[in-house]
Amino acid sequence: MRTITTSTIIICSALFIATSCGTAGPVKYLARPIPVNSGIAVIVDSPNKVKNVIMARFLQRGFTVKAINASDFYSINDVFDIRDFKKVSYIGQDENFLSLEKTYNNLFKMHYYNYEANKAEVLADMRNKWNVQYLILIDVKGVGGAWGRAIDLRTNDIVWIENFSIGGSAEKLVDRMIDSMTGKR
Amino acid sequence: MKLARIPVAALVLVIGMIAARAEAAPTMAFGYLVNRSHDANYDYLETLFPNSFANALRNIFYVTIIKPGQIDRELGKDGLSLEKQYRPHELMELTERISADYFIYGDFDILPNDRISIRLNVYGRGLNRVFTFSNVGAMEKEIFKLVDRITLIMVDFLGKNNFFMSGIVPRGSKIGIFTNLQGADLNRLYCAFLNAGYGVASMQVNYIDNNLTADMIESFKCIEAAGTSYRRVSNPQAVRFLHGTWTGERYYEEITYTREAYRIYDAGYTAARSAVLNGLVARHAIDMVMVIGFNASRTRAWVRCLDIKNNDLIWMQSNIRGGLPGICSAILARMGTELTRK
């Protein structure tokens, strides 16, 4: 319990320092409140103990939290490290390099577009197979401060965005997020 | 002591030469505008247009002009002549031969109801890129207004902001944004668009990290489209995929892979691009793809906006300055405001 409290205090202090250095005004968008009984997948990139604190708050507030983890999401680098191609282009003759630069740029660009299309398919699977209606992404340790987003997987619409600049415990921070996305604040 | 003065004097001279070179006017060479109308009565416009553009540009832009006749005479010294059409990869050699920083060429066609369409290609030797755009006007009534309009488009593009805009992005449009921001910064950008009344596709925003860096997003700067486009030029004659029994299996695998990538992403790029964009649009129902690249310190940005429906690059701009909130405001103000140019 003490370890959890220590890590949450460290994270919250870090984010307080980080956000107090920020220059921006409030960042919030809410298209429509997320009903508290919705099926959600919470993606959060934090140590497991902090993850538990966050998931527990969502469960206690009445959400149906599906067992999906940030590590279930692959990154573009896991699939195909297209930066390797640049190395290959160096291996060719010197005069090839300038001519292949267009190929490299287009290949990179198209794979990036493709990656977004593939992610949309994975999210559709989440919605159809596991009845996840909202994808919620949370970061409580980012350099720019804590932030959250929610996407309605039925429509692929972004329904909630907010940046946070508060101190205090992780529980309070998550409560603030839940209040915001459900339209209570 | 005297010896010590020589390097100082040389240094001053070199600095002076560099400064003079930095301030030197760019040299712009104009090729022919090919008559696509199949009506020989309009052939005279093939040289009249480039000469008019050259004169108009010289009047409002600090530039050294080379007109088609001058290029032809210059090339004639080597037994060559100015061709009506060039393939993009031939322009590097041509511009080197005539010592031009830019080469501007294109074509025109006569449309129904006495209208004329002009398409121009602006090749920049430094970046080895071609900017292609077109404009339509009335043949008799506003031919010189059309020349002025196109000249202003060129002036905007050649300026430090590389600005081009053919239309606004209507509020309510759904935009697929690609950027190198992430986390709270990405939230700020998306929030600005959403609160301004634009639909934003949930791309990039659906993952914690964004692995696009300020360097990597540079790959998105060139946008090829059916209408206006900004393309990188490659030379198919310079690409070699040599191999033989001396190369070994590993080398053969690599060269085969490179050759296949070249076939798909350069020679056959139009088809590859259509397939990928169609897949993206099918999943996100976007009207526009907007690429917004930021420098590492988030104090400067550039934009490209592709109209998916019309397959047209409708906006590009560089050097948008300010903090992140200021850049967001500047982008939104620009994309929603019609240019007042007549």
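Modeller: A crossing of two helices counts as left-handed if the near helix is turned anticlockwise from the far one by less than a right angle, and as right-handed if clockwise. This is a predicted model, in which local features need pLDDT of at least 70 and side-chain atom pairs pLDDT 80 or more, while totals for chains, interfaces and linings use all residues. Residues are numbered from 1 along each chain as its sequence is written, and chains are lettered from A, ligands numbered from 1, in the order written.

Biologist: Which hand has the crossing of α2(A) and α6(A)?

Modeller: The crossing of α2(A) and α6(A) is right-handed. Helices (H or I, at least four residues) and strands (E, at least two) are DSSP runs numbered from the N terminus.

Biologist: What else describes such a pair?

Modeller: Two packed helices are described by the angle between their axes and the distance between the axes. Here α2(A) and α6(A), residues 170–181, pack at about 40 degrees with axes 9 Å apart; axes are lines fitted to C-alpha atoms, for helices over the stretch in contact, and angles run from 0 to 180 degrees between N-to-C directions. That makes α2(A) oblique to α6(A) (under 35 degrees is roughly parallel, over 145 roughly antiparallel, 65 to 115 roughly perpendicular, the rest oblique).

Biologist: Which residues of α2(A) meet α6(A)?

Modeller: V50(A), V53(A), I54(A), R57(A) and F58(A) of α2(A) meet residues of α6(A) including V174(A) and I178(A). Contact means C-beta atoms, placed from the backbone, within 7 Å.

Biologist: What is the strand order of the open sheet in chain A?

Modeller: The six strands run β1-β6-β5-β4-β2-β3, with mixed pairing; strands pair if DSSP finds at least two bridges between them. β1 and β3 (64–65) of chain A are at the edges with a single partner strand each, so one side of each has no neighbour in the sheet. β5(A) and β6(A) pair antiparallel over seven bridges, and I158(A) in β6(A) is the bridge partner of I151(A).

Biologist: Which helices lie across these strands?

Modeller: α2 of chain A, residues 48–60, lies across β2 (39–44), β3 and β4 of chain A, at about 160 degrees to β2(A). From chain B, α6 (residues 183–195) lies across β1, β4, β5 and β6 of chain A, at about 125 degrees to β6(A).

Biologist: How many residues are in contact between chains A and B?

Modeller: 52 residues of chain A are in contact with 46 residues of chain B. α5(A) gives the most to the chain A side, with 19 residues.

Notes:
Contact = placed C-beta atoms within 7 Å.
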